[in-house]
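I open my notebook on a structure that is new to me. I will look things up one at a time and write down what I find.

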Amino acid sequence: MYSLRPQSATTRQQTEMINRAQRAVHTTTDTIEKLRLLCLARGANGILGLGRIFRLIDEDGNNKLSFEEFKTSIEQTKLELSEEEINDVFKKFDIDDDGNISIDEFLVGIRPPMCQSRKDVVEQAFQKLDKTGDGQITIDDLRGFYNVKYNPRYISGEESEEQILNKFLANFEYGGRVDGVVTEEEFMNYYSAISASIDNDAYFDLMMRNAYKL
């Protein structure tokens, strides 16, 4: 989280997470874990980006993907899975064996696991930001809630609050697709990766509470 005072520590933790994922991806034999690690190797928006591609591919909006749609999604994100590995991941999530997988169930399954207390504080932050209750947050929702006062570039006067807020929202965009809107799913996908870079529950909780004035 780039707006907090311990910026270098948080950035270093995420860099370490990326490095760990890049190393581990070569030794894991589980295809689901491999896909998770490939996403984490791209940083906090790796899983978020995959979720966005899924939603775009799901043109009929039924919240399901066929094998061809799933394969196309993986190929578009350029995640390095063989066709055999893509097929294996799909089969593991096609619980009903009906040739489709649930996008929601897949994203929950691919996220790095978070303890309930971490999930709770992330959900609490999202609910606070979602002032209109429409399940989405925008820069207007962020303004006044997301704490920029510890950001070094704000303190130095190099960047305004508006510029910092726009940069924060940019974390949730993917592949040049900028809509200025963050859904609760995208928020959780992003912070599940941030969570994977922080070992200490108390620090994660403090980071969220400081950033969103909880």
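**Entry 1: a salt bridge, R55 to D104.** I began with R55, whose side chain meets that of D104 in a salt bridge (2.7 Å, N to O). I count a salt bridge when a side-chain nitrogen of Lys or Arg is within 4 Å of a carboxyl oxygen of Asp or Glu. This pair links distant parts of the chain: R55 sits in helix α3 (residues 46-57) and D104 in helix α6 (residues 103-110), 49 residues apart. Helices are DSSP runs of H or I with at least four residues, strands are runs of E with at least two, and both are numbered from the N terminus.

I noted my ground rules here. The model is predicted, so local features need pLDDT of at least 70 and side-chain atom pairs count only at pLDDT 80 or more, while totals for chains, interfaces and linings use all residues. Residues are numbered from 1 along each chain as its sequence is written, and side-chain values use heavy atoms, with hydrogens and water left out.

Are the two partners buried or exposed, or in between? R55 is partly exposed at 32% relative accessibility. D104 is partly exposed too, at 36%. My cut-offs are under 20% relative accessible area for buried and over 50% for exposed, with partly exposed in between (1.4 Å probe, protein chains only).

**Entry 2: R55 again.** I looked for another partner of R55 and found E185. The side chains of E185 and R55 meet in a salt bridge (2.2 Å, N to O). This pair also links distant parts of the chain, with E185 in helix α11 (residues 184-196) and R55 in helix α3, 130 residues apart. E185 is buried, at 18% relative accessible area.

**Entry 3: α3 against α6.** Next I looked at the two helices of the first entry. How do the axes of α3 and α6 cross? They come within 11 Å and cross at roughly 170°. Axes here are lines fitted to C-alpha atoms, for helices over the stretch in contact, and angles run from 0 to 180 degrees between N-to-C directions. The two helices are therefore roughly antiparallel to each other. That word is for angles over 145 degrees; under 35 is roughly parallel, 65 to 115 roughly perpendicular, and the rest oblique.

Which residues meet? From α3 I listed I47, L50, G51, F54 and R55; from α6, I103, D104, F106, L107 and I110. Contact means heavy atoms within 4.5 Å. By class, this contact has seven nonpolar, one polar and two charged residues. Nonpolar covers Ala, Val, Leu, Ile, Met, Phe, Trp, Tyr, Cys and Pro; charged covers Asp, Glu, Lys and Arg; the others, Gly among them, are polar.

**Entry 4: other salt bridges.** How many salt bridges does the structure hold? I have 10 on record. One of them joins the side chains of E33 and R36 (2.4 Å, N to O). E33 and R36 are three residues apart in helix α2 (residues 31-40), so about one helical turn separates them. E33 is partly exposed at 26%, whereas R36 is buried at 14%. I also noted a network of salt bridges that links D30, D88 and K92.

Entry 5: I went back to helix α11 for S192. S192 is buried, at 0% relative accessibility. Leaving aside neighbours within four places in sequence, S192 is in contact with R111, P112 and M114.

M17 lies in helix α1 (residues 7-24). M17 is buried at 3%. Not counting residues up to four places away in sequence, M17 touches L40, G43, A44, A193, A196 and S197.

**Entry 6: positive phi.** I checked two residues other than glycine. N63 has a positive phi near 65°. N63 is in the loop between α3 and β1 (64-66), and is partly exposed at 22%. D97 has a positive phi near 55°. D97 lies in the loop between α5 (83-93) and β2 (100-102), and is exposed at 67%.

**Entry 7: cysteines.** How many disulfides does the whole structure have? My search found zero. A disulfide is a pair of cysteine sulfur atoms within 2.5 Å. C39 is buried at 1%, while C115 is partly exposed at 30%.
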